[in-house]
Structure formats: C-alpha cells, structure tokens
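Biologist: Before I use any of the labels attached to this model, I would like to hear what stands behind them. Could you take me through them one at a time?

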Amino acid sequence: MFKPQLVFFDIDDTLFRKWENFLPESVLPAFQALHEAGVMVAIATGRSPCAIPTKVQAVIEAVGLDVLVSINGQFNRFRGETIASHPIDPADIAEVIRICRAHDWDYGFISEEKMALSSDRQRVHDSLYGTVPYETDPDYWQRHPIYQMNVFITAEEEAAFAAGGILQRGYQMIRWHPLAVDLLHADGSKARGIREVCAVLDIPLAQVMAFGDELNDLEMFKTVGFGVAMGDGREELKALAKYVTTPLEEHGVFNALVQLGVIDRKPWGAA
C-alpha cells in the first residue's frame, strides 16, 4: 500500500482519448475521492494550459486542481499561481525560424495562452487535427513568451534540421507525430516540473505518485516514488512502473487508486 501526498496524471491516453474525445465517467469521482482523502491532485502534460481538452477542463472546474505541470515542465502552476516558467530565448526562436524557412518547413509557437503556426498547410493540418484550436500568426513569438516550439518535419528530415545547429544551443526534439516534433530546452521534462513544484511545496518526491502511458513519462516515473502505467502504454514505461493498471476505457485510473489503497472506494462497476 502506497499513500501519496500528491498524484500526477498525464492527460492523453491516461485520462482522455483524444481521437474519440472520450473521458471515462470514473475520472471525476477519482479526483473527488483523492481530495476527500487529503491527497493533492495534479496534471503533468505536454499540453499547454490553453490546450487542455474541454472534458478534462470540466473535471478541473468541478473539483479543482492543485498542481499543473504543463508544456513538458516549461510552465508550472500551483492553484492558479505560476511557480516556475522557462521561456525560449527569442534569439533561438529566430534561429529555428531561419532553419525552417531555408527548407520550407512549417513551425509553431506554444505559449500558456495560445498555439500559433506559421501556416495552415496540409502537413500542419494533418498533424494537429483533433488536438487543439490554433491560429496562423508567424510573428506571434515577437509579442509573447514562448515555452515550446513545433517543427513540422518527418523522421527523415530530422538530420537536416539538427544540422542547423539549434540542438547544440541546449535544445531537444521529441517526436509526437509522424509529421511533427516538439522543440524545447534539453533539460525540459515533466520530471523537472515535478521537482520544481515539490521543492516549493516541500513534498518529498518519494511521496508522489504518477500515472502515464508514453515515453515522455519515463523521466517522470524515474523521479516520483510510485509510477502507475496504463495497460495499453509503452512497454518501456511498464517495465519501469511499480504497478500496471488497465486501459482508460476499463477505468484504469480509478481502479488502480482503489486497488493500491489510495482511495477508499469499491472498484468501478462492482456491485
């Protein structure tokens, strides 16, 4: 039995299935039960605050959220107040734009308020379909802090992008679609955001639990005291997890919290 002070949840394919716009009905009761048990509820996501799905946002508004680690740890809040943020240097943004324009690649900017793209060409549309509203504004970065960029390139084009030298300035690429990568600080991750938040709140990392499914959750699992992998998650993450639950359609989050003794409830669907 593990009694955490704080539980982090990834969004996509942990709480929410974006392609089906599906959120299990057990998520809201799970969050309520955690709060009733005196456990703080948190989200750790690659998404920006502006890109949290409507159904997830509705749960947050209904029961409250203690901590938000967003944009892969680049923008982090405690009960609505910013704890730490890590914007990209405008000079580096300008260099990414130069590289992309030289190859006729599209690019995008992520702030806490908006996602803005260089264009709405087919590759951009195909990558972002069904995810988050965005606008075309290639100069958005000149007026707002940018915490992460998108570069719309294939795996075969990554080498040409890297040859431009931007990665040597302290950045990393994380592929999230066959046609797109995230570009962020090399030390940026959900794990960094969690460490920053826990340091401010004086919560030992050993007393933190996290749920996830993807490769960008690996560092998070290495950082917290107890990692729970979704049943249909990556095998690499399952190997690192302390517990593997069922997929979200089978109420994996709620039932894991019950079976691990974090909340005092019957398994979902039990008589």
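Predicted model: local features only at pLDDT ≥ 70, side-chain atom pairs only at ≥ 80, totals over all residues.

Biologist: What makes strand E6 and strand E7 a pair?

Modeller: Two strands pair if DSSP finds at least two bridges between them, and E6 (residues 107–110) and E7 (residues 115–117) have three bridges, in the antiparallel sense. Strands here are DSSP runs of E with at least two residues, and helices are runs of H or I with at least four, both numbered from the N terminus.

Biologist: Which strands are the edge strands of the sheet, and what makes them so?

Modeller: The open sheet has six strands in the order E8-E7-E6-E9-E11-E10, with mixed pairing. Strand E8 (135–136) and strand E10 (171–177) are its edge strands, as each pairs on one side only. Helix H3 (residues 90–103) packs on this sheet and touches E6, E9, E10 and E11, where contact means heavy atoms within 4.5 Å.

Biologist: Why are H1 and H2 called roughly parallel?

Modeller: The angle between helix H1 (residues 27–36) and helix H2 (residues 54–63) is about 30°, with their axes 10 Å apart. Angles under 35 degrees count as roughly parallel, over 145 as roughly antiparallel, 65 to 115 as roughly perpendicular and the rest as oblique, and H1 and H2 are therefore roughly parallel to each other. Their contact includes Phe 31 and His 35 of H1 and Val 59 of H2, and its residues divide into six nonpolar, two polar and no charged.

Biologist: How do you know that Arg 79 and Asp 202 are exposed?

Modeller: Exposed means over 50% relative accessible area, buried under 20%, and partly exposed in between, with a 1.4 Å probe and protein chains only. Arg 79 has 52% relative accessibility and therefore counts as exposed, and Asp 202, with 67%, is exposed too. Arg 79 lies in the loop between strand E4 (75–78) and strand E5 (81–85), and Asp 202 in the loop between helix H6 (190–201) and strand E12 (208–212).

Conventions. Residues numbered from 1 in each chain as written. Heavy atoms only, no water. Axes fitted to C-alpha atoms, helices over the stretch in contact; angles between N-to-C directions. Nonpolar A, V, L, I, M, F, W, Y, C, P; charged D, E, K, R; others polar.
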